[in-house]
Amino acid sequence: MQGEDSMDIGSDVGVPIAGSQLSIWPLPARQEKKTKAQAQTIKIGNVTIAFDELYSQYYARVLAYLRFRVGSNEVAEELVSQVFERAITHIGDLQSAAALGAWLFRIARNCATDYFRRQRPATSLETLADSCHPCDASPEEVVVAREERMTLLAHLNRLSEREREVIGLKFVACLQNREIARVLNMPEGTVGSLLYRALARLRNALHDEGGRIDT
Amino acid sequence: MNDELPESEHSWLDRLDAIVEGQQAPAPEDDELLHLAGKLAATFAPLRELDAPARTRKQRLGTKLRAQLAASQASRARRWLFRPLMVAAAILLFLLLGPGLIFEISPLGQSLNHSNRTVVGWQMNDLPSVDQYNMVSPPTFPKNQPLLLPTGLGPNAYIVALNGNSYGSSTPILSYLVYTQHAIIYESPSNPIPPQAFQDSSYQVVTFNDQQGFISSTGDGQTRLEWYQDGLLCDIVSNILTVNQMVELAGSLKLTNL
């Protein structure tokens, strides 16, 4: 296809000898301008990914993870911008598309860490209690569920930083264990053990408080 | 209570993944931790939901990032093109100018190669090595020098090279090289080829544009066409072009005053 916008520099410099197939001047391949409608793509290693696909796939998860880490919607939205801007700037450094998710969450983790260094806020997971209700829940359901969540989040607060981190990456960011291992730079087996231990400690804490887990 | 991962580690982790991803709900036979995991997954799922203002902000950020990505890619492409300046210049030379024209003066050309033109029993002399030709910049190209050039070239589609050394002669003897994609054309101001030269049966005589030329082979196996036109003794040498293509190229050259 050769549209009106296509560049034809061959006609300026091409000199085919009359009556023969011989061309003594190379005819450059025709180039076509990309239309605006064409999706923007990012090349990672040998894989080309549509930017919109990447953005849709990760935006909400990264935002949720940041909400979990910083306990504030406003700050999380500010940080999610930083995460994607950093990602766009440095995505050329990424060698493998398989590592994209872990790489993005590592940036998110670093952004959250930077935020804590700057602000040193006294964040508490209980602040998320009001954010953590489904959009379609009735007011009664919201009230009841809120109490349960407050208890759960309060106990999560008592876990170690590393345990909370792994809980966040697993249950909020929904990462696979191998991705969590990449984010936290630890063996995948350690992630499994950490998850199990964190859940066990959480369960024990709930039991100690007289709470119970519906089975 | 035991806080260690059970021996059936893999199946427990697989169940955990299925529950977290919402593919399966915790079953009655699952242990308490998997039920707790189901509760955590349900608790945090709404964090991933975006309300209308959040969706708007997401869209706005997406637009900004797309622009940033486009700028970043354009910048990267520019860097890729311009950073290796010398390489790029060489590539440009090859792509645009390589098949064009390179001219140069060889002070020895005429006297060395065609000194015996008038001798009966015509013999084509060896052509000088292209190493004897040096390229120079266009501003130093001799003015109003008529040369036979391929037609239809763009105005800047050639490079001029000049060697001003007279090699001991009182006046420099000029000869030129014209590089095309598949052939080199030697051109030297000269006297016409004597008519008796065409009686020599050693060479194949070809005719084009009402003039005659010789076909022969060079020492290194290339095909050579020599003829005289417009005050210039010309040779086309190529190991790619057929005789017919060389004749066609010779016939298409046009006298041009540079």
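Here are some worked exercises on the predicted two-chain model above.

Some ground rules before you start. Residues are numbered from 1 along each chain as its sequence is written, with chains lettered from A and ligands numbered from 1 in the order in which they are written. Because the model is predicted, local features need pLDDT of at least 70 and side-chain atom pairs count only at pLDDT 80 or more, while totals for chains, interfaces and linings use all residues.

**Exercise 1. Describe the make-up of chain A.**

Step 1: List the elements, where helices (H or I, at least four residues) and strands (E, at least two) are DSSP runs numbered from the N terminus. Chain A has 8 helices and 2 strands, in the order α-β-β-α-α-α-α-α-α-α from the N terminus.

Step 2: Look at burial. A residue is buried if 20 or more other C-beta atoms lie within 10 Å of its own, exposed if 12 or fewer, and partly exposed in between, with C-beta atoms placed from the backbone. In chain A, 36% of the 215 residues count as buried.

**Exercise 2. Work out how α4 and α7 of chain A pack.**

Step 1: Find the angle, using axes fitted to C-alpha atoms (for helices over the stretch in contact) and angles from 0 to 180 degrees between N-to-C directions. The axes of α4(A), residues 100-119, and α7(A), residues 177-184, come within 8 Å and cross at roughly 45°.

Step 2: Classify the angle. The pair is therefore oblique, given that angles under 35 degrees count as roughly parallel, over 145 as roughly antiparallel, 65 to 115 as roughly perpendicular and the rest as oblique.

Step 3: Name the partners, taking two residues as in contact if their C-beta atoms, placed from the backbone, lie within 7 Å. From α4(A) come A:Gly101, A:Ala102, A:Phe105, A:Arg106 and A:Arg109, and they meet A:Glu179, A:Arg182 and A:Val183 of α7(A).

Step 4: Sort them by class. Ala, Val, Leu, Ile, Met, Phe, Trp, Tyr, Cys and Pro count as nonpolar, Asp, Glu, Lys and Arg as charged, and the others, Gly among them, as polar. This contact has 3 nonpolar, 1 polar and 4 charged residues.

**Exercise 3. Explain what stands out in the β6-β7 loop of chain B.**

Step 1: Most residues other than glycine have a negative phi. In this loop, B:Asn209 has a positive phi near 45°, and B:Asp210 has a positive phi of about 60°.

Step 2: Check exposure. B:Asn209 counts as exposed, with 12 C-beta neighbours inside 10 Å, and so does B:Asp210, with 5.
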